[in-house]
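I opened a new notebook page for this structure. My entries below record what I looked up, in the order I took it.

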Amino acid sequence: MNKVLLFNPRSAEVKHRVPNAILSIAASVNGLFDWVIVDGNCETDPYQKIAEYLRTGQFRYIGFTVMPGPQTKQAIPFAKKIKEEFPGTIMIWGGYFPTNHYKQVMESGFVDFVVNGPGDHAFPKLLDALENNKPYELIKNLVYVSDGRIIKTSKEDLFDQDPLPALPYDKLNELYPIDRHYLGKTYLGNKTLAYHSSIGCPFTCSFCAVVPIFEARWKAKSAELVYRDVKYIKDKWGADAIEFHDNNFFVSEKRAVDFSTLIIPEKMNWWGMARIDTMDKFHDESLARIREAGCRMIFFGAESGNDAILKQMDKGGTQSGEQILRFAERMRKFDIIPEYSFVLGTPAPTPEQVMAQIDFDINFIKKVKAVNPATEIVLYTYSPVPTEGSELFNKVKETGFRFPETLEDWMTPQWERFDLRKNPLTPWLTPDMTTKIRNFEAVLNGYYPTVSDIRLSGVKRRIIKTLSGFRYKTNFYRFPYEIKLLHRLWKYRQPEIQGF
Ligand code: B12
Ligand code: SF4
């Protein structure tokens, strides 16, 4: 039987996480096919490692997981080279990037299949069909080329998560020892585990890449299963903290409270992502239990303080500027740090309006900091994702914005910056606007350094805070070279790029 090689392209320079996406794909074929993982985060020369496996002639199926940004930079040239050097192999891509940009991926000519969305069922079915010469045209969640045309099969309903096969941590540990590679030191603990406890999201925010893939669906593992998995890793490899990577960990108050009750005795710190309007409905007792269980910080998409923009972003119709401020204050009472992310630079009819909106949100962020100074702020610049049909994406198309035509265009530095949501190529944003956002970010991070940067000592924090104080208080953000210099010198970490 042919073997399967699964590749996780490099996604971060340091603090590598359990590669949950590729590991769940390994789980889907575990026991059916022999498989190996090559983790680009842990290899100095991942191509060399891949080539070593492929030269054995035993591997026919190659699966790549690809997130936008740095992962595409490694995935694209590697896939091309593999197809040239090992033409008999079958290249299958999955993950957010190929799902949202399947056309360019298929047109590249070096990817044979894209798995469109969850691969837990589609991947083993596809391999079974290919291995046994059976038709694959009826398998759901697939994209392939037939007679020069790109064919997308129908989408599978989101399936229950508990019956899925367990993640093969022990086999991963044989390839890459878990405590050495994946349990990193963070502000949460000395051995932080990345865990993914639910898939999708029930909402349809018009700027979000999760929406076209999951179409407002969400399925979660039960609190008991999540607890058992975490406990296994804690007992076996000593994990003492958890980052929940779910798009929306706190959809269900009951599940969050049940999990909290189970995890209390384990004394682990943890972090997860949520919506403000959902959690604002949680009872006080639930929030207190969640904190007691070790939840130190929660990431929220605040996005904007402007109600009209929030409506355009389709934040469920229930989030408002007033609520964002009030909720920051509420979190203070429970000693949970709200980590608010804002998306600045959305389109507007005139450049003056775009700039006015950026100014409005800068002032709003300062109001948030005033009601709860512990609030962590993450600033993104709006980078469109193809949320076809949404009011926001229609506006984006009217401005003439286009995604790259070919896969290789995605590798250019401009598009990489687009993916990192720091300096996108959107036609309505002028360099002045981008500079203003980045300058404000530098001053804000100077005045309020993130707690997640554990290398930044108390002395350094005081120095940079004092230095930024005058600028922050007088709204003087231009040319903050001295702050940027210190950030560079002290390697200030940005959670949104390097991991939260
Ligand atoms: C962990 C994570 C990271 C980690 C690294 C991940 C890694 N692989 O090592 C870090 C923190 C480094 C990171 C960085 C970035 N990330 Co990130 N990240 C995530 C996160 C939170 C979890 C991914 C994950 O492990 N999921 C768990 C698995 C089980 O789910 P899955 O990925 O959906 O996989 C399923 C399917 O997609 C499919 N599948 C996936 N891979 C494969 C492969 C094959 C062969 C097959 C068949 C199927 C398949 O099957 C899987 C099982 O059903 C997601 C959000 C999320 N909750 O998914 C964002 C997310 C993927 N990241 C995103 C982005 C944009 C980034 C950045 C590029 C930019 C940024 N500023 O955030 C940076 C890049 C910076 C850098 N230096 O690389 C976006 C992508 C948006 C988009 N436009 O497509 C997401 C969706 C967050 C969001 N909501 O916006 N990220
Ligand atoms: S709530 Fe978060 S994950 Fe869900 S659609 Fe909105 S931005 Fe995306």
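Where is the place of Ala 216? I found Ala 216 in the loop between α9 (210-214) and β10 (218-220). I keep in mind that this is a predicted model. The phi of Ala 216 is near 65 degrees, a positive value in a residue other than glycine. Ala 216 is exposed, with 12 other C-beta atoms within 10 Å.

**Entry: Asn 133**

I looked up another positive phi. Asn 133 has phi near 50 degrees, and this residue is not a glycine either. I located Asn 133 in the loop between α6 and β6. Asn 133 is exposed, with 6 other C-beta atoms within 10 Å.

**Entry: the sheet**

I traced an open sheet of 7 strands, in the order β2-β1-β3-β4-β5-β6-β7, with mixed pairing. At its edges I noted β2 (35-39) and β7 (149-152), each of which pairs on one side only. Neighbouring strands are turned by 25 degrees against each other on average, direction ignored.

I then checked one pair. Strand β1 (residues 3-8) runs parallel to strand β3 (residues 59-65), over 5 bridges. Within it, Val 4 stands opposite Tyr 61 in β3. Helix α6 (residues 122-131) packs on the sheet. I listed its contacts as β1, β3, β4 (90-94), β5 (113-115) and β6 (142-146). The direction of α6 makes about 155 degrees with that of β5.

**Entry: helix α11**

Which residues of α11 (residues 253-263) are buried? I wrote down Ala 256, Phe 259, Ser 260 and Ile 263. They lie on the same side of α11, because they cover an arc of only 105 degrees around the axis. The buried residues of α11 pack against α10 (223-237) and α13 (284-292).

**Entry: Thr 346**

Is Thr 346 buried or exposed? Thr 346 is buried, with 26 other C-beta atoms within 10 Å. I found Thr 346 in the loop between β14 (337-344) and α16 (351-371). Leaving out residues up to four places away in sequence, Thr 346 touches Ile 309, Gln 312, Gln 357 and Tyr 382.

**Entry: ligand 2**

The residues around ligand 2 include Cys 201, Cys 205, Cys 208, Asn 247, Asn 248 and Arg 275. By class, I noted 6 nonpolar, 4 polar and 1 charged residues in the shell around ligand 2.

Key:
Residues are numbered from 1 along each chain as its sequence is written. Chains are lettered from A and ligands numbered from 1 in the order in which they are written. This is a predicted model: local features need pLDDT of at least 70, side-chain atom pairs count only at pLDDT 80 or more; totals for chains, interfaces and linings use all residues. Two strands pair if DSSP finds at least two bridges between them. Helices (H or I, at least four residues) and strands (E, at least two) are DSSP runs, numbered from the N terminus. Axes are lines fitted to C-alpha atoms, for helices over the stretch in contact, and angles run from 0 to 180 degrees between N-to-C directions. Two residues are in contact if their C-beta atoms, placed from the backbone, lie within 7 Å. A residue is near a molecule or strand if its C-beta atom, placed from the backbone, lies within 6 Å of it. Ala, Val, Leu, Ile, Met, Phe, Trp, Tyr, Cys and Pro count as nonpolar, Asp, Glu, Lys and Arg as charged, and the others, Gly among them, as polar. A residue is buried if 20 or more other C-beta atoms lie within 10 Å of its own, exposed if 12 or fewer, and partly exposed in between; C-beta atoms are placed from the backbone. The arc is that of the directions from the helix axis to the C-beta atoms.
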